[in-house]
Amino acid sequence: MKMSVSLSMSMLYLSLFLLVGMLPPSDAVDDKCAACKAVAEELEIGLSSERPRNHLDMRHRLDSKGQREGKLIDYRVSELRVVELLDDLCEKMQDYTLKVIDTHEWFKVDNWDSLTTNKQEGRAYSKDISSYCGRLLEETEDELAELIKKGSVKMGDVSKVLCQDLSKHCSQTSVSHEAEVDDDGDNGEL
């Protein structure tokens, strides 16, 4: 009798464990638009800090006359460029945390020791946005890679391409409204 109760409890725990494992992962990022814009900002930093590179020389074989065979690939349209831009993007997002005042705003932390809010909570937020970044890239990586290779992702346009066009995490009205507000604020200043 004691053995069957123990066995049934074990089966119950196993069933609950499997059930919880089958649930979709919880999404700790509430404002996907703000998080997407933070990822786009970090990608834009990567684009702005790119060094000019020469073509990739893929001529490694010699033909029967001793001439090099293969092709030259322009770095700007190469898969290598895409890999270098996107490879450690989500790891860099661990330097971001969330500031919740009226809205959700992600910001890059230069020094975690100088963070005035709860550091443990800040680190938890940084893990959340890093996980979000991984899911975002998983959803959009192929299309984003093609747009980068085509040269369609330019400085100042990354947020629109990634958050509005590809992931649809930001509506067009909210992004265009922010642009109008920015434009209105600049008109009177020199």
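In this predicted model, C163 counts as buried, at 1% relative accessibility. C163 is joined to C36 by a disulfide, with an S to S distance of 2.2 Å. C36 lies in helix α2 and C163 in helix α6, so the bond ties together parts of the chain that are 127 residues apart in sequence. C36 is buried as well, with a relative accessible area of 0%.

**Disulfides**

A disulfide is a covalent bond between the sulfur atoms of two cysteines. The count for this model comes to three disulfides. They are listed here with their S to S distances and the torsions about their S-S bonds.

| Pair | S to S distance | Torsion about S-S |
|---|---|---|
| C33 and C170 | 2.0 Å | about 110 degrees |
| C36 and C163 | 2.2 Å | about -100 degrees |
| C90 and C133 | 2.2 Å | about -80 degrees |

The torsion of C33 and C170 is about 110 degrees, so this disulfide is right-handed. C33 belongs to helix α2 (residues 32–48), while C170 sits in the loop between α6 (158–166) and α7 (172–186), so the pair ties together parts that are 137 residues apart in sequence. C33 is buried, with a relative accessible area of 12%, and C170 is buried at 4%.

For C36 and C163 the torsion is about -100 degrees, so the disulfide is left-handed. The bond of C90 and C133 has a torsion of about -80 degrees, so that disulfide is left-handed. C90 lies in helix α4 (residues 89–92) and C133 in helix α5 (residues 119–150), so the pair ties together parts that are 43 residues apart in sequence. Both of these cysteines are buried: C90 has a relative accessible area of 16%, and C133 has one of 0%. With the bonded cysteines of the chain numbered in sequence order, the pairing reads 1-6, 2-5, 3-4.

In soluble globular proteins, nonpolar side chains tend to be buried together. The largest nonpolar core here has 32 residues, of which V39, L86, W106, L144 and L162 touch the most other members. Two or more residues each come from α2, α3 (79–86), α4, β5 (96–100), α5 and α6. The largest contribution is that of α2, with nine residues. Leaving aside residues up to four places away in sequence, V39 touches L89, M93, Y132, C133, L136 and L162. One of these contacts, C133, is the disulfide partner of C90.

**Helix α5**

Helix α5 bends by about 65 degrees at T140. The residue that follows α5 is G151, and its phi is positive, near 85 degrees.

**Salt bridges**

The count of salt bridges comes to six. In one of them, K108 pairs with E42, the closest N and O atoms being 3.2 Å apart. This pair links distant parts of the chain, with K108 in strand β6 (residues 104–108) and E42 in helix α2, 66 residues apart. K108 is partly exposed at 34% relative accessibility, whereas E42 is buried at 4%.

R81 and E50 also meet through their side chains, at 2.7 Å from N to O. R81 counts as buried, at 5% relative accessibility.

A further salt bridge joins the side chains of K149 and E146, at 3.4 Å from N to O. Both residues lie in helix α5, three residues apart, about one turn of the helix. E146 is partly exposed, at 41% relative accessibility. Salt bridges with shared partners join E79, E146 and K149 into one network.

Definitions and conventions: Residues are numbered from 1 along each chain as its sequence is written. This is a predicted model: local features need pLDDT of at least 70, side-chain atom pairs count only at pLDDT 80 or more; totals for chains, interfaces and linings use all residues. Side-chain values use heavy atoms; hydrogens and water are left out. A disulfide is a pair of cysteine sulfur atoms within 2.5 Å. Helices (H or I, at least four residues) and strands (E, at least two) are DSSP runs, numbered from the N terminus. Buried means under 20% relative accessible area, exposed over 50%, partly exposed in between (1.4 Å probe, protein chains only). A nonpolar core is a set of buried Ala, Val, Leu, Ile, Met, Phe, Trp, Tyr and Cys residues joined through side-chain atoms within 4.5 Å. Contact means heavy atoms within 4.5 Å. The bend at a residue is the angle between axes fitted to the seven residues ending there and the seven starting there. A salt bridge is a side-chain nitrogen of Lys or Arg within 4 Å of a carboxyl oxygen of Asp or Glu.
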